[in-house]
Amino acid sequence: GILRLGRRGLESLDAGSGLPNNRVGAMFSDREGNLWAGTNAGLVRFADTPFVTLDNYSGLTDNYVRAVAQMDDGSIMIGTSRGLNRYDREKISAIEDNASLKNDAILSLAAAKDGSLWAGMYSTGLVNWKNGKVLESVSAGSPLFGSQIRALLEDRHGNLWIGTSRGVYRKNGTDLKHFDEAQGLPREFTLSLFESKSGRIWVGTANGLGYIDGDKAGAVDISAYAQSEDVFGFSEDPDGTLWISTDRAILRLRDGKIASVGIKQGLPVATIFQIVTDSYGNFWLTSNRGVIHDRNGTLLARNYSAYTLEITPSKVADLETVINDLAGIVDIQPKDRKRFRKLLEDSKNFESLPIRTRLTDEEVARFIARRFRFPGVEIKARLFRQYPQGELASHALGYIGRVNDRDLGTAAGSERTGIS
């Protein structure tokens with residue numbers, strides 16, 4: 001969900017209070033002061049007004065929103081796992097000027113000073129787009145092609161910084177300067193980029209914090225602070241204090257010294273994706289799950305979001321053939337087929353049924369690239385529950401799961417809203 005830290009203390013916004021999904025991977029503050037949150041189930045616009053949710057029913061090409069940016073004309077560009085969308089004057093339109101912008105998973109966006117938009121892809125590299133025209137794209141021979149561009153940043157000098165699974169590239173015209181572990185970064189797999197007021201480029205990787213000054217790269221060891229590894233985002237105070245969101249805590253870097261704020265310091269979740277400051281001075285923190293604590297602060301249960309591959313049987317002519325074809329794209333085991341058949345027998349009234357749960361990001365991307373071959377098959381974000389205390393907590397707190405025909409038969413009238 002989302003946490004807001006302001007004058008009223010720490011407030012939590014999650015699926016129970018209006019978000020379409022608890023996993024919030026992207027957050028953006030536009031020039032009008034609106035906040036945009038990209039979730040696994042659509043895009044939300046909010047501030048102190050009621051939520052406005054944009055999803056595939058509104059016209060988005062996919063509900064999984066990975067990146068958000070604003071153009072000079074005020075329109076909002078939305079990067080999804082199935083192409084680029086534009087939201088302008090309360091209308092959503094798909095950008096179809098380039099095959100990558102139409103079909104690939106958009107992992108990152110950056111509005112450029114010249115009014116164009118840079119888009120980073122999962123598999124097809126980098127595209128520069130403006131007013132319905134593609135100004136630049138990369139070919140299959142480029143080092144950027146197939147490199148999972150998860151972060152983009154245009155610095156104060158007009159250089160484009162590109163964070164990829166193979167390191168960081170600095171683009172100046174046609175010149176590309178590469179930075180990786182050999183140059184001093186803690187790891188090549190890059191998750192985030194940020195330019196500080198001093199001009200330093202901070203690099204968040206999947207195994208630590210890096211930085212680039214000019215042509216020199218380095219690393220800052222953060223492993224001692226709540227065992228942090230993944231660095232997802234940055235924010236900077238007017239005095240130069242740097243806030244760093246990680247998989248274990250929020251880190252504060254001030255005057256060369258690091259402090260951490262995590263579960264022990266009162267943060268309700270450990271993993272924070274992004275930190276955004278709004279026009280009122282509030283801190284907005286995005287996370288990936290809800291938590292349940294006992295009165296002593298012990299974690300009893302947590303909900304986390306994951307992807308499932310689901311089939312709507314009524315939309316599929318030959319179910320067995322489709323499942324066999326899907327098995328060539330994602331790993332489908334005999335136990336998955338058995339569970340699917342049982343769900344098919346027990347839950348005939350449901351629209352879609354999972355053939356595979358807890359897909360990896362790579363499996364999601366592989367299916368999305370071949371989605372057109374599988375009408376009636378889609379990826380959905382579902383909540384799963386984990387019990388760190390084992391069966392003790394699961395017996396005390398109950399379970400979550402699908403309601404089947406037998407459950408419906410035992411419920412009566414208005415009680416048919418769920419089961420726990």
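## Basis of the description

The model is predicted, and local features are taken only where pLDDT is at least 70, side-chain atom pairs count only at pLDDT 80 or more, and totals for chains, interfaces and linings use all residues. Residues are numbered from 1 along each chain as its sequence is written, and side-chain values use heavy atoms, with hydrogens and water left out.

Helices (H or I, at least four residues) and strands (E, at least two) are DSSP runs, numbered from the N terminus. Two strands are said to pair if DSSP finds at least two bridges between them.

## Two open sheets

Strands of a sheet pair through backbone hydrogen bonds, either parallel or antiparallel.

Strand 17 (residues 167-172) pairs with strand 18 in the antiparallel sense over 5 bridges, and Arg170 stands opposite Lys177 in strand 18.

## Two hairpins with a glycine of positive phi

Strand 3 (residues 24-29) and strand 4 (residues 35-39) pair in the antiparallel sense over 5 bridges, and the bridge partner of Ser29 in strand 4 is Leu35. The hairpin of strand 3 and strand 4 has 5 residues between the strands, and Gly33 takes a positive phi near 90° there.

Strand 7 pairs with strand 8 (residues 76-80) in the antiparallel sense over 5 bridges, with Gln70 standing opposite Ile76 in strand 8. In this hairpin, which has 5 residues between the strands, Gly74 takes a positive phi near 95°. Strand 7 (residues 65-70) has 5 of its 6 residues buried, so it is largely enclosed by the rest of the structure; buried means under 20% relative accessible area, exposed over 50%, and partly exposed in between (1.4 Å probe, protein chains only).

## Residues in loops

Most residues other than glycine have a negative phi, and most peptide bonds are trans. Glu90, in the loop between strand 9 (83-88) and strand 10 (91-94), has a positive phi near 65°, and Glu90 is exposed with a relative accessible area of 56%. Asn131, in the loop between strand 13 (126-130) and strand 14 (133-137), has a positive phi near 50° and is likewise exposed, with a relative accessible area of 57%.

Ser223 is found in the loop between strand 22 (216-220) and strand 23 (231-236), and Ser223 is partly exposed, with a relative accessible area of 42%. The C-alpha atoms of Ser223 and Leu209, which are 14 residues apart along the chain, are separated by 9.5 Å.

## The buried side of helix 2

In helix 2 (residues 319-326), the buried residues are Leu319, Val322, Ile323 and Leu326. They cover an arc of only 100° around the axis, which puts them on the same side of helix 2; the arc is that of the directions from the helix axis to the C-beta atoms. An α-helix has 3.6 residues a turn, so residues three or four places apart point the same way.

## The cavity

The structure holds 1 cavity of 30 Å³ or more, and the largest cavity has a volume of about 80 Å³. A cavity is a set of points, on a 1 Å grid over the protein atoms alone, where a 1.4 Å probe fits but cannot get out, and lining residues have an atom within 4 Å of a point. Grid points are joined across faces, edges and corners, and a volume is the space filled by probe spheres set on the points.

Among the lining residues are Tyr64, Arg66, Tyr122, Tyr307 and Asp361, and the largest share of the lining, 4 residues, comes from helix 4 (residues 361-369). The lining divides into 8 nonpolar, 1 polar and 2 charged residues, where Ala, Val, Leu, Ile, Met, Phe, Trp, Tyr, Cys and Pro count as nonpolar, Asp, Glu, Lys and Arg as charged, and the others, Gly among them, as polar.

Key. On a 1 Å grid over the protein atoms alone, a cavity is a set of points where a 1.4 Å probe fits but cannot get out, and a pocket is an open set with protein on both sides within 12 Å along at least five of seven lines; lining residues have an atom within 4 Å of a point.
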